[in-house]
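Take a moment to look over the sequence and turn the model around on your screen. Then let us walk through it together, one region at a time.

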Amino acid sequence: MSRVLIVGAGLTGSLCACLLRREMQNKVQIVVWDKARGSGGRMSTTRPPDPSSHSADLGAQYITATPAYSQSHHSVYSELLSAGLLQPLASLVEGLNHRDGNQDYVTPLGMCSIVKHFLSESGADLFLERHVTGLYRRGASWEVQRKAGDSEMFDAVVMTMPVPQILQLHGDVGPLLSVQQKQQLDGVVYSSRFAVALFFSPDVVFSFPWSARYVPDNRCIRYIKHNADSSRLGPSLVVHTSVSFGAEHLERDTQDVQPIILQELHTLLPALPQPISIKCHKWRYSQVLTAVPGCPGQMTVLERPLLVCAGDAFVHSNFDGCVESALSTLRVLKASL
């Protein structure tokens, strides 16, 4: 039985684990590590400190499927729709540039529900707060070192974290990259932004005509979305900053940036009531602006023992990019294991 490590419990990693399990059944032991305290990656859903408030998606907000991807990724969309994890977007998103033929979806249980679904289907051994620091080739295996813990041995490793984090790893990854591969990875560019979630008490009712809105020509805030349903939970509201604001304040602490964002939000929504709690998050690697040329879906660094880099940086930065990367990585795993 081959022991496969997938580094990163986001969409690419979780779907790859799920597909690998379905294709190879009991021929593989699948292990997933993530350095965060929860799964989801950039599809994370944050629960409020007070359980009386609605959860909030701090990363991805909705999913847009083009006609081509609706067809080529039909099985994925069908599975998520049947499970009640996706539903068509029916509410108003002010300023959304909708193209004819595209279908927009939302996640009634939060974006992280999709990742958790695939992780559950994979039967993988999931370990959170496992921060990989180095990979070392040991004959036909990989020794994977982690922060504050023992190293472990694996027959194959798939790395789905942001490219800059891959390039920072100690050990044999850097020396194994060809000159071309190194140039391609160095060329990957991400945008950065901040996200703020505000959680409100159950007696708060929003009267906005929109469920979300894009804010044009604002130096700070790019997007606002509120979550409210028929439950007795208080609503939540999520704010995403502009790319330029994220770049300008990237090296500042969230506690310093949060008051600037809230002040701008108050200008846009002066009647907004006082929240009972607030969470500010910095997305250093928010969206891929420049992907690996040719969009190969993955990069095989070494075939024996197998080492693969994957994720939206090898396709494009959205849901279907991650799906495409997972499918591409699956083909490599099946051919190697």
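The model is a predicted one, in which local features need pLDDT of at least 70 and side-chain atom pairs count only at pLDDT 80 or more, while totals for chains, interfaces and linings use all residues. Residues are numbered from 1 along each chain as its sequence is written, and side-chain values use heavy atoms, with hydrogens and water left out.

## The nonpolar cores

A nonpolar core is a set of buried Ala, Val, Leu, Ile, Met, Phe, Trp, Tyr and Cys residues joined through side-chain atoms within 4.5 Å. Here "buried" means under 20% relative accessible area, "exposed" means over 50%, and "partly exposed" lies in between (1.4 Å probe, protein chains only).

The largest nonpolar core has 41 residues, and I63, I114 and F319 touch the most other members. Helix α1 (residues 11-24) gives the most to this core, with 8 residues. Helices (H or I, at least four residues) and strands (E, at least two) are DSSP runs, numbered from the N terminus.

Which residues does F319 touch? Leaving out residues up to four places away in sequence, F319 touches L11, M43, I63, V76, Y77, L80 and I114. Contact here means heavy atoms within 4.5 Å. There is also a second, separate core of 30 residues, and among its members are V144, I166, L185 and M299.

Helix α3 covers residues 74-82, and V76, Y77 and L80 in it are buried. Seen down the helix axis, the buried residues of α3 fall within an arc of 95°, so they line one face of the helix. That arc is taken from the directions from the helix axis to the C-beta atoms. On the other side of α3, H74, S75 and S82 are exposed.

What covers the buried residues of α3? The cover includes β5 (63-65), α2 (67-72), β8 (103-106), α4 (112-122) and α10 (319-336). Just after α3, G84 takes a positive phi of about 75°.

## Strands side by side

Two strands pair if DSSP finds at least two bridges between them.

| Strand pair | Bridges | Direction | Residues opposite each other |
|---|---|---|---|
| β10 (residues 132-138) and β11 (residues 141-146) | 6 bridges | antiparallel | V132 and R146 |
| β10 and β14 (residues 170-171) | 2 bridges | parallel | L135 and G171 |
| β15 (residues 189-199) and β19 | 10 bridges | antiparallel | V189 and T290 |

β10 and β11 form a hairpin with 2 residues between them, and G139 in the turn has a positive phi of about 65°.

β15 and β19 belong to an open sheet of 6 strands, in the order β7-β16-β17-β18-β15-β19, with mixed pairing. At the edges stand β7 (93-94) and β19 (277-290), each with a single partner strand, so one side of each is left without a neighbour in the sheet.

## Two residues to look up

A326 is buried, with a relative accessible area of 0%. Setting aside its neighbours within four places in sequence, A326 is in contact with T12, L15, C16 and L19. The C-alpha atoms of A326 and G294, which are 32 residues apart along the chain, are separated by 16 Å.

Now look for S44, in the loop between β2 (28-34) and β3 (45-46). Is S44 buried or exposed? At 16% relative accessibility, S44 counts as buried. Not counting residues up to four places away in sequence, S44 touches A56, D57, L58, G59, C112 and W283.

## The cysteines

A disulfide is a covalent bond between the sulfur atoms of two cysteines. In this report, a disulfide is counted when a pair of cysteine sulfur atoms lies within 2.5 Å.

How many disulfides does this rule give? The count comes to 0 disulfides. C18 is in none, and the nearest cysteine sulfur, that of C16, is 9.8 Å away. C18 counts as buried, at 0% relative accessibility. The sulfur of C309 is 13 Å from the closest cysteine sulfur, in C16, too far for a bond. C309 is buried as well, with a relative accessible area of 0%.
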